[in-house]
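Dear colleague,

I am passing on to you the structure shown below. My notes on the ligand site and on one further residue follow it.

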Amino acid sequence: MTIELVTSQIEDQYTSGAYSKRPLTLVRGAGSTVWDDAGNAYLDATSGMGVALLGHSHPAVVSAIQAQAATLITSAEIFYNDRRAELYALLHEITGFERYFLCNSGTEAIEGVLKIARLLTGRRGIVAAKRSFHGRTLGAVGLTWNPAYREPFEGWTPEGVTHIPYNNLTEAATAITGDTAAVVIEAVQGEGGVYPADPDFLRGLRDLCDQRGALLIVDEIQTGLGRTGRWFGYQHADIQPDMIALGKGIAGGVPMGAVAWNGRAIESGTHGSTFGGNPLACAAAIASLTALRDLNAPERAAQVGEHLLERLRADQPASVREIRGLGMMIGLELRGRVTPVIQALQARGVLALVAGKTVLRLLPPLILTDAEADHLADTVLEVLRDVTN
Ligand code: PLP
């Protein structure tokens with residue numbers, strides 16, 4: 001019996017069932033490559049769900065985690081901590097925001113956004129977008145559009161959420177009222193199919209929020225920290241949101257989420273987290289953000305992403321309806337189902353994501369080399385040319 005069989009059998013026996021699994025056991029990663037238990041290498045264009053911005057096991061992150069693990073792993077925010085203070089200062093340098101709430105995942109950052117928006121405005125209404133994805137906890141799933149994720153929990157999700165079509169300012173103007181606490185929007189809709197925001201849409205939302213006293217909140221969990229070719233997706237529209245949510249790669253793969261906003265602090269006791277802002281995750285985040293900055297990761301993502309888009313568009317196979325993207329967040333809308341394409345890519349040593357039933361989503365690490373980018377484009381084009389649907 002191989003290790004793979006034992007691993008997958010044990011997982012299948014005990015799993016919650018929440019995930020549909022691919023038949024692959026990953027055991028190691030370095031840079032843009034991951035290896036399975038038989039020693040086969042794969043180019044990881046999933047980045048572990050958009051997390052491994054710096055690739056896998058980046059040496060600076062590894063040594064920061066090792067050093068901090070031997071120093072102090074846990075210390076709740078009821079005490080001050082040197083690593084946390086350092087991270088706050090670094091986040092301020094990178095984002096320019098004045099206040100931060102640290103948590104442990106993207107969906108928790110969205111819960112934070114909802115609570116903080118309510119506390120700051122005293123209002124209840126939330127405007128979100130159709131096709132949006134904001135996470136799986138009850139508040140976040142209430143903002144998420146996909147009925148398959150939301151409807152099983154109806155009655156338990158927040159009231160007062162209005163979903164407007166993405167990139168539609170006319171409907172936004174009707175939906176945003178004097179009762180709206182916040183508009184929560186992705187800079188590029190990721191899970192929804194890789195749809196970049198029209199910069200005029202984001203600018204229009206900014207104006208409408210200003211006129212009606214609502215907060216403009218950008219969910220930068222997938223788009224943030226360089227992914228789209230700028231530090232933050234909203235920068236493509238030259239706007240300043242009131243609040244952003246961060247997650248995914250903020251701590252190099254160690255679970256962390258963050259809410260950043262401008263304005264007053266919330267009252268003590270209104271929100272909290274045992275693990276939020278723990279020294280281990282903070283040390284990993286300091287190392288990750290520093291490395292992203294030192295590598296000019298956003299600029300690199302803009303260049304390599306543009307190259308990838310050009311290569312894919314120049315040779316667009318007949319099986320592809322449309323290619324969308326911004327930086328290293330790329331979606332290929334297929335004429336047929338995406339699952340066979342994912343399987344064929346895996347057989348050729350490339351791991352990719354889906355976004356719905358027909359979109360192939362590429363979220364490679366931002367440290368992808370030119371040779372890896374060309375290999376990725378070649379393999380994707382090769383597989384898509386073979387697809388007959
Ligand atoms: N918001 C966006 C835009 C996301 O892409 C995701 C995850 O894919 C989330 C929120 C939820 O993050 P997490 O899975 O860390 O809870």
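An oxygen atom of the ligand lies 2.8 Å from a polar backbone atom of Thr107. Please bear in mind throughout that this is a predicted model.

The backbone of Gly106 also takes part, with an N or O atom 2.8 Å from an oxygen atom of the ligand. On the side-chain side, an N or O atom of Asp219 is placed 2.7 Å from a nitrogen atom of the ligand. On its own the ligand has 390 Å² of accessible area, and the protein covers 82% of it.

Gly106, Thr107 and Asp219 belong to a shell of residues around the ligand that also contains Ser105, Phe133, His134, Gly135, Glu186, Glu191, Ile221, Gln222 and Lys248.

Is Thr180 buried or exposed? Its relative accessibility is 3%, and because buried means under 20%, Thr180 counts as buried. The side chain of Thr180 makes a polar contact with the backbone nitrogen of Thr177, at 2.8 Å. Leaving aside residues up to four places away in sequence, Thr180 touches Arg123, Gly125, Val127, Ala175, Gly213 and Ala214.

With kind regards

Conventions:
Residues are numbered from 1 along each chain as its sequence is written. This is a predicted model: local features need pLDDT of at least 70, side-chain atom pairs count only at pLDDT 80 or more; totals for chains, interfaces and linings use all residues. Side-chain values use heavy atoms; hydrogens and water are left out. A residue is near a molecule or strand if one of its heavy atoms lies within 4 Å of it. A polar contact is a pair of N or O atoms within 3.5 Å; within protein, one must be able to donate a hydrogen and the other to accept it, and residues adjacent in sequence count only if both atoms are side-chain atoms. Accessible areas come from the Shrake-Rupley method with a 1.4 Å probe; for residues, only the protein chains shown count as cover. Buried means under 20% relative accessible area, exposed over 50%, partly exposed in between (1.4 Å probe, protein chains only). Contact means heavy atoms within 4.5 Å.
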